[in-house]
Amino acid sequence: MLSGVEKAYQSYRRDETQKLSRYTGFLPTNPAVYREFFRKNIELGQMRMRTNVSHVPAVEEFSAAIKSNQTMLSLFNEIFVQAAHAPDAPALESFDQVLYILDGIVSRSPAFCIVRDDKGNFTGEPIGIPIYLLFDLLSNTQAAYDLFRMDRFNAAMKRLLDAWGSYLVTKESTDVFHEGPEGWFSPLALQLLDGGRFKGDFNSTYVTPDANSADRGYASWDDFFTREVQPHARPIISADDGTLIHNACESTVFDIQRNVKLHDQFWLKSRPYSLYDMLAKNTEDASNFVGGTVYQASLGPQDYHRWHSPINGTVTKVVNVPGTYYAVIPDEGADPNDPDLRPNDPHGGLFRSQGFLTLSAARALVFIESPNPDIGLMCFIGIGMCEVSTCQIVVKAADKVTVGQQLGMFHFGGSSHALVFGPQAKVTFGDVVQKDKHIHVNSIIAQVERAHIAHAY
């Protein structure tokens, strides 16, 4: 079994000495961390299988839902057959094996995975979205594409994730918040949270209920995950003249597309946006944006997870849309220009499917009308990528919002978001907006061209 773990990682990185840029937070930077995650979880799962331990209630319910439907069970079994033929075959062999691994994952909070490097020194990384990592290679198959889009599968998955979410809002879920080796506030963890792309000290960047305690005073895992950022750490530094677009989420640039269509289809090499599907199959809403612009960026599990208004305006409508959690478009792996993975490496399929997730994943829609007709109506889409990813909207129709005001937040999982503009908005993005670049929330990312001589704000 362990040889399978090694095989699953043999071509994972383009350069093992280089930090991940595109997949940060979704895939471990260190190959040893990936191997240790699977070694530990497979070993614990096998131990539970050998001793025939009962599944935790949420996993037992998920198992029953899948096994009671022959189509879903057959597709799940086919996933392992198809994944075994991939260049990087995963070290997962059966649905029952996955169930026993899930027992361990949903019974605890996401934690750090600690290993020793070649020199015997301890190193490690957080595994903030462990079910995503478990499903990563499995999801990049045709059988998973068919199964993971089924309503009955996603209903069963939502019940499992909701049960885990119920634990992650309890005080017991804070047992990973300490300064020990595997704690989120260990010296190593704080380097990863504060260093690299996360510039600054944790306590001066985020709101901490008790900055002097080992757990920083967070009441639960979710309390930490949805922590607020201190205003001075992400300031709005410009005097907005009504033409500027600010970053709605702390995020890494994924894509920009213009002249988007009402209806479009996704293919392996061309994945355009389909407004009708993105906006909950509402033709009236979607027609406002035909010929417009879509900007999309992803949030890693270590990012700040609250959404801020990118413009001043009035909320005209909010919608929560149910959807999938792990469905991806199977692809041929990383492309030749991927900064992190070797060409055709199958890891990270869900991350590369972010465009597809705008029309398939559980998501929140917030429509905002700008007083500037050059912007007009725009829509913020919060996209729940994997894990629990509850999308909570905190504004309502008729609310007035200003730049930087909170619109809502993600809970528990990795996420993505999109800003959708109509054809009237001639959007010019700043030089800072480059694919795979991480940008702070509230930063200026774009400006709309003035088409009207005077505006009343």
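The lining of the second largest pocket divides into 14 nonpolar, eight polar and eight charged residues (Ala, Val, Leu, Ile, Met, Phe, Trp, Tyr, Cys and Pro count as nonpolar; Asp, Glu, Lys and Arg as charged; the others, Gly among them, as polar). This is a predicted model, in which local features need pLDDT of at least 70 and side-chain atom pairs count only at pLDDT 80 or more, while totals for chains, interfaces and linings use all residues. Residues are numbered from 1 along each chain as its sequence is written, and side-chain values use heavy atoms, with hydrogens and water left out.

**Pocket**
- The second largest pocket has a volume of about 650 Å³ (the space filled by probe spheres set on the grid points, which are joined across faces, edges and corners).
- Among the 30 lining residues, Pro-322, Gly-323, Thr-324, Ser-360 and Arg-363 are the closest to the pocket centre (on a 1 Å grid over the protein atoms alone, a pocket is an open set of points where a 1.4 Å probe fits, with protein on both sides within 12 Å along at least five of seven lines; lining residues have an atom within 4 Å of a point).
- Helix H8 (151-168), strand S7 (313-321), helix H15 (354-360) and S10 each give two or more residues to this lining (helices are DSSP runs of H or I with at least four residues, strands are runs of E with at least two, numbered from the N terminus).
- H8 gives the most, with six residues.
- The pocket lies between domain 1 (21-227) and domain 2 (236-325 + 361-448), because both give residues to its lining (domain bounds come from an automatic or database domain assignment).

**Sheets**
- Three strands form an open antiparallel sheet in the order S6-S12-S10 (two strands pair if DSSP finds at least two bridges between them).
- Its edge strands, S6 (306-308) and S10 (390-393), each pair on one side only.
- S6 pairs with S12 (residues 406-411) over three bridges in the antiparallel sense, and Arg-306 has Met-409 in S12 as its bridge partner.
- An open antiparallel sheet of eight strands has the order S11-S7-S8-S9-S13-S5-S4-S15, with S11 (400-401) and S15 (438-439) as its edge strands.
- Within it, S4 (residues 251-258) and S5 (residues 293-299) run antiparallel and are joined by six bridges; Val-253 stands opposite Ala-297 in S5.

**Salt bridges**
- The count comes to 17 salt bridges (a side-chain nitrogen of Lys or Arg within 4 Å of a carboxyl oxygen of Asp or Glu).
- One of them joins the side chains of Arg-39 and Glu-36, at 2.8 Å from N to O.
- Arg-39 and Glu-36 are separated by about one helical turn, because they are three residues apart in helix H2 (residues 31-50).
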